[in-house]
Amino acid sequence: DVATNGIESFTPLPHYNGEAYQGGEKWPDDTLGWVQLTAMGGHPGNTHDHAVIRRWTAPVTGTIDISGRIAHERTEGDGVMARIISSRHGLLGAWSVHNNQADANFYSIAVEAGDVIDFEVDIKVGLSHDTFNWSPVISLNQNNETTVEPRSWDAKAEFAAPYEALPIPLTPWEKYAQVLLASNEFLYVD
């Protein structure tokens, strides 16, 4: 929502082509238009209703540092509008880039488990040559009473295909049966 600088709704992009998430197999998509998200950046959709968003959800409580550079490298068009929006703190920053770049760095932002940070890019006025580069890095410092465990997420390095369901973990009884079947007494019968 341009008026409130907030995210009105979020829907994951439905198609992954091996290099990018986008609206469908064909790009531009008939419904979602030019919207595309890649490891390096992407392209916003045809209207403000179809901004491209890279979303990060805090796994634990702590503080985060955000670093990254937003770049629009074309002289054509009017550039893009980029924003970082926190579900807890609201708009953290906004940048208008056209044939230039801007640093998007924030430090010691408090987050709680489940908080969302959105890296949103949309068209400024018109749709024209709106490809951008922006692969932010988030560093988390988990503040426990006994330990501080840093963890980092790199949008470029960790960009991947859709999450594949993990195998269902074994129940305690299944684990017990597996240990019994692997014991020497079971394997070696006199």
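**Exercise 1. Which ring does the charged end of R55 sit over, and how far is that charged end from the ring's centre?**

Before you start: this is a predicted model, where local features need pLDDT of at least 70, side-chain atom pairs count only at pLDDT 80 or more, and totals for chains, interfaces and linings use all residues. Numbering runs from 1 along each chain as its sequence is written, and side-chain values use heavy atoms, with hydrogens and water left out.

Solution. 
- Step 1: know the test. A charge sits over a ring if NZ of Lys or CZ of Arg is within 6 Å of the ring centre and within 35 degrees of the ring normal.
- Step 2: apply it. R55 has its charged end over the ring of F10, 4.0 Å from the centre of that ring.

**Exercise 2. Describe the largest pocket and its lining.**

Solution. 
- Step 1: On a 1 Å grid over the protein atoms alone, a cavity is a set of points where a 1.4 Å probe fits but cannot get out, while a pocket is an open set with protein on both sides within 12 Å along at least five of seven lines; lining residues have an atom within 4 Å of a point. Points are joined across faces, edges and corners, and the volume is the space filled by probe spheres set on them.
- Step 2: read off the size. The largest pocket holds about 1300 Å³ of space.
- Step 3: find its centre. There are 43 lining residues, and F10, L37, I53, R54 and R55 are the closest to the centre.
- Step 4: sort by class. The lining has 25 nonpolar, 8 polar and 10 charged residues (Ala, Val, Leu, Ile, Met, Phe, Trp, Tyr, Cys and Pro count as nonpolar, Asp, Glu, Lys and Arg as charged, the others, Gly among them, as polar).
- Step 5: look for the main contributor. That's β5, with 6 residues, the largest share of the pocket lining (strands are DSSP runs of E, at least two residues, numbered from the N terminus).

**Exercise 3. What lines the largest cavity?**

Solution. 
- Step 1: count. There is 1 cavity of 30 Å³ or more, and the largest cavity has a volume of about 50 Å³.
- Step 2: list the lining. You'll find L37, V52, I53, R54, F119, V121, F132, W134 and P136 around it.
- Step 3: classify. Here 8 are nonpolar, none polar and 1 charged.
- Step 4: assign strands. β5 gives the most, with 3 residues.

**Exercise 4. Which residues form one aromatic cluster with W95?**

Solution. 
- Step 1: set the rule. Rings of Phe, Tyr and Trp (its six-membered ring) pair if their centres lie within 6.5 Å; planes under 30 degrees apart are stacked, over 60 edge-to-face, the rest tilted. The whole structure has 9 aromatic pairs.
- Step 2: check W95 and F106. Their ring centres are 6.0 Å apart with planes at 65 degrees, so call the pair edge-to-face. W95 is in β9 and F106 in β11, so the pair ties together parts 11 residues apart in sequence.
- Step 3: check F119 and W134. This pair is edge-to-face too, at 5.5 Å centre to centre and 85 degrees between planes. Both F119 and W134 are buried (under 20% relative accessible area; exposed is over 50%, partly exposed in between; 1.4 Å probe, protein chains only).
- Step 4: join up. W95, F106, F119 and W134 form one aromatic cluster.

**Exercise 5. Is D115 buried or exposed?**

Solution. 
- Step 1: locate it. D115 lies in the loop between β11 and β12.
- Step 2: check the area. D115 has a relative accessible area of 8%, so buried is the answer.
- Step 3: look at its partners. The backbone nitrogen of E112 is 2.9 Å from a polar atom of the D115 side chain.

Methods:
Helices (H or I, at least four residues) and strands (E, at least two) are DSSP runs, numbered from the N terminus. A polar contact is a pair of N or O atoms within 3.5 Å; within protein, one must be able to donate a hydrogen and the other to accept it, and residues adjacent in sequence count only if both atoms are side-chain atoms.
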